[in-house]
Each structure stands twice: as C-alpha cells, then as structure tokens.
Amino acid sequence: MFASIFSLLGEFMEKVIIGKIVNTHGIRGELKVKSMTDFPEERFDKGAIVTLHYQNQDINMEVLRHRYHKGHILVTFKGYEDINLVEKYKGCELYCDKDDSLLDDGEYYVDDLIGCQVYNYDCYIGDVVEVQLYDHHDILVVQGEQKVMIPYVDAFVKNEDIDHKRIDVELIEGFIDED
C-alpha cells in the first residue's frame, strides 16, 4: 500500500517515497528494497541521500552502492556495511527530496494525485485520499459520500488536470452504489 508524501517545514523540500526495505541480503549490510520510483538509477546512485523512516524518526543515509537482484534493488548505505547495523530497518520506507527536474513535460508524481477532485461524467464523486501501488495497475481511493476504488487505467481515467486538482473518469455500472 502506498504511503503519502510528507512535507517538511522550513528549508526542507517535499519528500516522496522511493522504496520499502523488505529484507536484508548477505552479511555486508545490503538491504533488499522494493522500488517505488521510476528513477531508481538517480535515487539509489552512489552518494545519493535517502531518508529512512524508522520508529517515527527520519534518518538521512548516503548510498554507498546499489545493484539489481531478482526484481529488487540491493542497497548498501555508507557506514552501515554490516548486517547487525541494518537488520532493524526491515519494513522501513525510504524517501528522498521531490525533484521535478526528473520529470518530462506532462509527467507528475503519484502523490500529486492526492487531493484531486474526481468527477464521473461531470458529477463530483469525491477526492483522491490514497493511491495504492500494484504491479499491474494502481488504484485511486476516492472518498466522497462513499469510498470508491478506481483502477488507474485509461479505460476509466479520461482526463487528469493536476494543476487544477481535477480528474475526470467514466465508470461502468456498479462502481458507485446508486442506492
């Protein structure tokens, strides 16, 4: 399930989730990460700063190296090259600064969808409160008078205007309880 971005006040930039630590790998501090970013090379590049969320604290870690292994990214952080130092981080999420320069024209971050108003055939049905990420397609969780879960695919999502926080959908019968 996708966790929403969080904003930091002051001089800090907005953060976006880039992965979740699912396990350790070997004894030299490698962490098996399920990637949640379209930019793994940039996010996990040597020297990149990643924020690890652990026990309600944010810890900035510097990437020492990364490599790919069986559909996951194995990441080693500088100063944490021992399994005993990283084992406690299993299950933690990884964040980094939101960087719009990585996006092409018309692209946006998944969390930019949070707060968008959703209209089904021009009838307001609610706001996006969550985006659940899955391998085949994502799900928009829309909360209005009722909770509606909409597959984020072209068959249903017809228009996105992220700047104006509006998404137009065309849902088939049964998505919304008409009673």
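Is Lys 15 buried or exposed? In this predicted model, Lys 15 counts as buried, because its relative accessibility is 9% and the cut-off for burial is under 20%. The residue lies in strand S1, which covers residues 15-25. One is with the side chain of Thr 51, at 3.1 Å. Another joins the side chains of Lys 15 and Asp 97, at 2.9 Å.

The barrel is closed and has six strands. Their order is S1-S2-S5-S4-S3-S6, and the pairing is antiparallel. From one strand to the next, the twist averages 45 degrees. In general, strands of a sheet pair through backbone hydrogen bonds, either parallel or antiparallel.

Strand S5 (residues 72-77) can be followed through its pairings. With strand S2 (residues 30-35), S5 pairs in the antiparallel sense over three bridges. Val 33 has Ile 73 of S5 as its bridge partner. With strand S4 (residues 57-69), S5 again pairs in the antiparallel sense, over six bridges. Here Arg 65 has Thr 76 of S5 as its bridge partner. Five of the six residues of S5 are buried, so this strand is largely enclosed by the rest of the structure.

S4 and S5 also form a hairpin, with two residues between them. Lys 70 lies in the turn and has a positive phi of about 50 degrees. In general, most residues other than glycine have a negative phi. Asn 56 also has a positive phi, near 60 degrees. This residue lies in the loop between S3 and S4. Asn 56 counts as exposed, because its relative accessibility is 74% and the cut-off for exposure is over 50%.

Aromatic rings come next. The structure holds four aromatic pairs. One of them joins Tyr 54 and Tyr 89, with ring centres 5.0 Å apart. The planes of these two rings meet at 85 degrees, so the pair is edge-to-face.

Asn 120 stands opposite Cys 123 in S8. The hairpin of S7 and S8 has two residues between the strands. In this hairpin, Tyr 121 takes a positive phi near 50 degrees. S7 also pairs with strand S12 (residues 166-169), this time in the parallel sense and over four bridges. Val 118 has Ile 167 of S12 as its bridge partner.

Arg 166 places its charged end over the ring of Tyr 119, 3.8 Å from the ring centre. Lys 165 lies in the loop between strand S11 (157-161) and S12. Phi of Lys 165 is positive, near 55 degrees, in a residue other than glycine. Lys 165 counts as partly exposed, because its relative accessibility is 30% and the cut-offs for that class are 20% and 50%.

The cysteines complete the description. The structure holds zero disulfides. Cys 92 is buried, with a relative accessible area of 8%. Cys 116 is buried as well, with a relative accessible area of 0%.

Note on methods
Residues are numbered from 1 along each chain as its sequence is written. This is a predicted model: local features need pLDDT of at least 70, side-chain atom pairs count only at pLDDT 80 or more; totals for chains, interfaces and linings use all residues. Side-chain values use heavy atoms; hydrogens and water are left out. Two strands pair if DSSP finds at least two bridges between them. Buried means under 20% relative accessible area, exposed over 50%, partly exposed in between (1.4 Å probe, protein chains only). A polar contact is a pair of N or O atoms within 3.5 Å; within protein, one must be able to donate a hydrogen and the other to accept it, and residues adjacent in sequence count only if both atoms are side-chain atoms. A disulfide is a pair of cysteine sulfur atoms within 2.5 Å. Rings of Phe, Tyr and Trp (its six-membered ring) pair if their centres lie within 6.5 Å; planes under 30 degrees apart count as stacked, over 60 as edge-to-face and the rest as tilted. A charge sits over a ring if NZ of Lys or CZ of Arg is within 6 Å of the ring centre and within 35 degrees of the ring normal. Axes are lines fitted to C-alpha atoms, for helices over the stretch in contact, and angles run from 0 to 180 degrees between N-to-C directions.
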